[in-house]
Amino acid sequence: MKRILFIIVSLWAVLFSRFEAEACTAAVVAPKASKEGATLLWKNRESNAYQTVVRHFATDKYSYTGVVHVNHPDVGVLCGVNEVGFGIVNTATRNLPENREVEGPNRRTGFMRDALINCATIDEFEEFVRNYKRGYKFTTNVGVGDAKGGAAFFEIWGDGYRRYDVDKMERGFDVRSSFSFAGDMDRL
């Protein structure tokens with residue numbers, strides 16, 4: 001049986017300026033483009049909120065390990081992988097439609113935590129996205145991979161999403177920052 005290797009690499013860049021930076025960069029590499037023949041998720045997080053740690057969380061469904069804020073570890077994850085090899089990273093995006101009518105805070109991190117607890121494959125993640133409480137208050141590019149060799153990016157916004165299967169792309173990888181292909185090209 002082919003050995004499955006699933007890697008998440010988190011690289012942190014802290015910008016020290018008077019402006020808050022939230023333009024992370026993420027990449028998803030399909031097994032065909034990986035030397036090890038495994039899905040690779042990569043995230044470079046750019047934020048002034050630099051106090052983060054790696055923690056493991058046991059849950060009733062899938063336990064997971066993720067990067068979390070030191071002072072709010074239970075709010076959500078910035079990236080992570082669960083016990084069955086499903087991993088997730090994201091970037092904020094600026095050109096997708098937001099739903100500003102929704103009450104409550106921006107919770108990309110809670111969405112990603114819930115995905116780690118409930119998903120084992122990319123197809124399960126798509127079903128999770130489809131059934132998640134509609135009216136997201138956030139816009140995001142989410143990179144996901146699974147132990148079966150799945151690799152995809154999802155652009156998610158207020159009332160919709162679009163899936164991009166990285167494992168079906170000729171080059172076998174995709175890199176995202178604060179831009180989405182499904183978004184308004186004039187709103188960057």
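Visitor: What makes the backbone nitrogen of K148 and the side chain of D146 a polar contact?

Guide: That nitrogen lies 2.9 Å from a polar atom of the D146 side chain. A polar contact is a pair of N or O atoms within 3.5 Å; within protein, one must be able to donate a hydrogen and the other to accept it, and residues adjacent in sequence count only if both atoms are side-chain atoms. The D146 side chain also has a polar atom 2.8 Å from the backbone nitrogen of G150. Before we go on, this is a predicted model, where local features need pLDDT of at least 70 and side-chain atom pairs pLDDT 80 or more, while totals for chains, interfaces and linings use all residues. Residues are numbered from 1 along each chain as its sequence is written, and side-chain values use heavy atoms, with hydrogens and water left out.

Visitor: Which side chain meets that of R163 in a salt bridge at 2.6 Å, and how do you know that the pair qualifies?

Guide: The partner is E126, with N and O 2.6 Å apart, therefore within the 4 Å limit. This pair links distant parts of the chain: R163 sits in strand β10 (residues 160–165) and E126 in helix α2, 37 residues apart. R163 also meets D165, at 2.8 Å from N to O. Together with D123, E127, R130 and K168, the residues R163, E126 and D165 are linked in a network of salt bridges. The structure holds ten salt bridges.

Visitor: Why is E126 called buried, and what is R163 called?

Guide: Buried means under 20% relative accessible area, exposed over 50%, and partly exposed in between (1.4 Å probe, protein chains only). E126 has 15%, so it counts as buried, while R163 has 25% and is therefore partly exposed.

Visitor: How many disulfides does the structure hold, and how do you know?

Guide: It holds zero. The sulfur of C24 has that of C79 as its nearest cysteine sulfur, 9.5 Å away. A disulfide is a pair of cysteine sulfur atoms within 2.5 Å, so the sulfur of C79 is too far from that of C24 for a bond. Both cysteines count as buried, C24 at 4% and C79 at 1%.

Visitor: What makes helix α1 largely enclosed by the rest of the structure?

Guide: In α1 (residues 108–118), nine of the eleven residues are buried, so the rest of the structure largely encloses this helix. Among them are F111, M112, L116 and I117. The buried residues of α1 pack against β5, β6, β7, α2, β8 and β9, where contact means heavy atoms within 4.5 Å.

Visitor: How many helices and strands does the protein have?

Guide: Two helices and eleven strands. Helices (H or I, at least four residues) and strands (E, at least two) are DSSP runs, numbered from the N terminus. Across the protein's 188 residues, 48% are buried.
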